[in-house]
Amino acid sequence: MRLTDEMQPHLAIVEGGAGVFVSDGEQIALFDGEGILVKTMHTGYTVGALACSPDGTFLLTGDLDSNIIRVYNGKNFTPTHQRFAVDLLADAKKTQSISSALAANTAVGTLAITNKGVIVFAMSGMICATNLTRMTAMPNAKLIKAVES
């Protein structure tokens with residue numbers, strides 16, 4: 001990992017400290033509870049926000065380059081779901097405005113995800129609650145699900 005002045009490091013801790021996800025904006029690393037590096041992934045985009053579900057099953061990222069919210073399997077970094085944040089806002093049944101109009105070029109801010117796939121994010125003064133079912137499943141995620149069944 002390489003920290004720069006332009007990017008703030010991000011981290012998300014699995015409940016109980018069993019794992020820690022860390023990002024320098026270009027890659028994501030998973031460390032176990034003892035601080036041993038388990039896995040790394042180069043994202044191909046600039047990570048602007050990072051969150052994990054309490055049990056570490058889901059890893060959620062905000063893509064600063066295209067404003068896509070991406071979901072990965074927290075154990076092996078396999079991409080499972082993604083969708084443009086503005087599309088999730090437009091599709092949401094409930095949003096809460098904490099400021100004026102939505103700016104199309106505003107990046108996704110704070111992210112959160114539950115063990116059941118409920119996602120909450122902030123963007124341009126809006127707070128949106130949504131679910132994995134509102135996102136596009138990645139083709140390899142469907143294949144993995146079929147193999148696991």
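S23 is found in strand β2, which covers residues 19-23; strands (E, at least two residues) and helices (H or I, at least four) are DSSP runs, numbered from the N terminus. S23 is buried, with a relative accessible area of 0%. Buried means under 20% relative accessible area, exposed over 50%, and partly exposed in between, with a 1.4 Å probe and protein chains only. A polar atom of the side chain of S23 lies 3.0 Å from the backbone nitrogen of G25. A polar contact is a pair of N or O atoms within 3.5 Å; within protein, one must be able to donate a hydrogen and the other to accept it, and residues adjacent in sequence count only if both atoms are side-chain atoms.

The model is predicted: local features need pLDDT of at least 70, side-chain atom pairs count only at pLDDT 80 or more, and totals for chains, interfaces and linings use all residues. Residues are numbered from 1 along each chain as its sequence is written, and side-chain values use heavy atoms, with hydrogens and water left out.

Strand β2 belongs to an open sheet of four strands in the order β1-β2-β3-β4, with antiparallel pairing. The edge strands are β1 (10-13) and β4 (37-42), each of which pairs on one side only. On average, neighbouring strands of this sheet are turned by 15 degrees against each other, direction ignored; here axes are lines fitted to C-alpha atoms, for helices over the stretch in contact, and angles run from 0 to 180 degrees between N-to-C directions. Two strands pair if DSSP finds at least two bridges between them. Five bridges join β2 to strand β3 (residues 27-32), and the two run antiparallel. Within this pairing, F21 stands opposite L30 in β3.

The partners are F21 and F77, in a tilted arrangement with 6.1 Å centre to centre and 45 degrees between the planes. Rings of Phe, Tyr and Trp (its six-membered ring) pair if their centres lie within 6.5 Å; planes under 30 degrees apart count as stacked, over 60 as edge-to-face and the rest as tilted. F21 is in strand β2 and F77 in the loop between β7 (68-73) and β8, 56 residues apart. F21 is buried, with a relative accessible area of 1%, and F77 is buried at 5%.

A second open sheet has five strands in the order β5-β6-β7-β8-β13, again with antiparallel pairing. β5 and β13 (136-137) stand at its edges, each with a single partner strand, so one side of each is left without a neighbour in the sheet. Two bridges join strand β8 (residues 79-84) to β13, and Q82 stands opposite T136 in β13.

A49 lies in strand β5 (residues 47-52) and is buried, with a relative accessible area of 6%. A49 touches residues including H10, L60 and V108, not counting residues up to four places away in sequence; contact means heavy atoms within 4.5 Å. The C-alpha atoms of A49 and L11 are separated by 8.7 Å, although the two are 38 residues apart along the chain.

Overall, the secondary structure of the protein chain comes to two helices and 13 strands, and 42% of its 149 residues count as buried. Its mean pLDDT is 84, and 79% of its residues reach 70 or more; pLDDT is the predictor's confidence in each residue, from 0 to 100. Over residues 142-149 pLDDT stays under 50. Where pLDDT is low, the predicted coordinates should not be read in detail.
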